[in-house]
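Here is a short briefing on side-chain contacts and helix packing. Have the sequence and the structure open as you read.

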Amino acid sequence: RRLPSQLRYARIAGMSGSSVGYLQLLRQNRSFTLLWGGQLVSNLGDWFNSVAVLALVFDLTHSGFATGLIIIASTLPAFLLTPFAGAVVDRFDRRRIMMAADLVRAALALGMLLVRSADQIWLLYLFSGLLVTFASFFSPALNAAIPNLVTAEELLSANALSSSTWGLMLAVGAAVGGLVIAAVGRDAAFAVNSLSFVVSASTIFLIRKPFAQPAQARAPTGAPPGTWYQFLDSVSFAKTNPQVGASLLVKVGWGLGAGVILLLTVFAQSVFHAGDAGIGWMYSARGLGALIGPYLARPFVGHAVDKMRRAVLVAFFVTGFAYVGFAVAPIFWAAALCVLLAHIGGGIVWTLSSTMLQLLTPDRLRGRIFATDFGLVTVTNALSTFAVGAAVEHWDARFVALAMSVIFLVYGIVWGAGVFVSRRRDAAGWQYRDDAPV
């Protein structure tokens, strides 16, 4: 049901006006520190793997379209599994789901070692699709669990750390991965990725704090049993609570423009002729931006969702204009700087959209809401990547990059207009989580 206005804007009891600092959070919250440590290692392996896979596909096919297909294979299954994954995350033990997903992915990551020639390229698509299949359970469980592992004052800092960890490991993993691959070969990257999943599962095993509220404390959904009905219940919640719906649409805009990321490989290889190391540096710039963005936004937004929405709108424009610069950059390092600026905006978009959803969504629905969030961004990412991959087969890569930058700018205008029109119907203020004391 739609939450009454006075409750939806109530301030959560016990929440102060400022967030807990990052170092303080890591010192005082052992559970989150373990979770964050596992993410750190797992994300490092992910980006070793990404650089190796992208470079391998491009080397075997010399096709931007084929490279785009590997990104699609790494995203599309998440959308198809959205209804099922969300219901599983809300119904079963999130901690065990995350551990199982990690261990299965550790085995799947080694499958990349089988690819030796162009006629085996289908194996890369297969194993990339299977990896994202199990990530479809891990990612919603992670986002749904974080509010149960931290206090209200720790939530924004926890999300900023979680998002910036992805960026930090992209910056380190992509750059170092590119250099390592160039020196000793791609097989090492695939082995590192497999080991990273084992480390992540081990850190989750050590966490003793519950990843969800006790069953008796979680309000029944009122929906009939069954995966599809449970999924529709979460959709109904988002439709009747416009702020949740608006927050779900944030990453959709990012996904629609995310096909431009394929051009990082194309620009490094074909425009600037920088090789595997160039791909690594481009992705490193992307990761560094994603690392910086959440830290820049945090002092200005506090816990105020109204301020978060304004920051998201600004971030869309930063990303759009930065990719305009990327499209026309005359030299490699100028293009890399533009990528860094673009993903400062991306880091802000990602962190604040997740925080808003966590604040607005009760624990009983959080897994399904985040599965929907994950599914929407992955399917839009896949479609955008497919479009870019096809476009670079027929048009100049710089022209395609310029066209994609316009998507970020236009979506920012459309999303911002929708949010601020609907905002006039409601009072701005502190947001409500109906599983927290008010």
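Helix axes here are lines fitted to C-alpha atoms over the stretch in contact, and the angle between two of them runs from 0 to 180 degrees between N-to-C directions. The model is predicted. It holds 11 aromatic pairs and nine salt bridges. Selected contacts follow, grouped by topic.

**Helix packing**

- Two packed helices are described by the angle between their axes and the distance between the axes.
- Helix α13 spans residues 250-257 and packs against α17 at about 150 degrees. The two axes lie 9 Å apart.
- Angles over 145 degrees count as roughly antiparallel, so α13 and α17 are roughly antiparallel to each other.
- Their crossing, α13 with α17, is left-handed.

**Aromatic pairs**

- The count of aromatic pairs comes to 11. In one of them, the ring centres of F267 and F326 are 4.3 Å apart. Their planes make an angle of 25 degrees, so this pair is stacked; the cut-off for stacking is under 30 degrees.
- F267 sits in helix α14 (residues 262-271), and F326 sits in helix α16 (residues 305-328). The pair links distant parts of the chain, 59 residues apart.
- F267 and F326 are both buried.
- W281 and W333 also pair, but edge-to-face. Their centres are 5.9 Å apart, with 65 degrees between the planes.
- W281 belongs to helix α15 (residues 275-301) and W333 to helix α17 (residues 332-360). The pair therefore ties together parts that are 52 residues apart in sequence.
- W281 has 36% relative accessibility, so it counts as partly exposed. W333 has 54%, so it counts as exposed.
- One aromatic cluster is formed by W254, F267, F272, W281, Y323, F326, F332, W333 and F408. Both pairs described above have their residues in this cluster.

**Charges over rings**

- The charged end of R105 sits over the ring of F138, at 4.8 Å from the ring centre.
- K251 lies over the face of W350. Here the distance to the ring centre is 5.0 Å.

**Salt bridges**

- Nine salt bridges are found in the structure.
- D102 and R105 meet through their side chains in a salt bridge, 2.8 Å from N to O. The two residues are three apart in helix α7 (residues 94-109), so about one helical turn separates them. Both D102 and R105 are buried.
- D306 and R310 form another salt bridge, with N and O 3.1 Å apart. Both lie in helix α16, four residues apart, about one turn of the helix.
- R310, at 38%, counts as partly exposed.
- A salt-bridge network joins D90, R94, D363, R366 and R368 through shared partners.
- Within it, R94 bridges to D90, and their closest N and O atoms are 3.1 Å apart.
- R94 is at 1% relative accessibility and so counts as buried. D90, at 8%, also counts as buried.

How values were computed: Residues numbered from 1 in each chain as written. Predicted model: local features only at pLDDT ≥ 70, side-chain atom pairs only at ≥ 80, totals over all residues. Heavy atoms only, no water. Phe/Tyr/Trp six-rings, centres within 6.5 Å; stacked < 30°, edge-to-face > 60°. Buried < 20%, exposed > 50% of the residue type's maximum accessible area, 1.4 Å probe, protein only. Lys NZ or Arg CZ within 6 Å of the ring centre and 35° of its normal. Salt bridge = Lys/Arg side-chain N within 4 Å of Asp/Glu carboxyl O. Parallel < 35°, antiparallel > 145°, perpendicular 65-115°, else oblique. Left-handed = near helix turned anticlockwise from the far one by under 90°.
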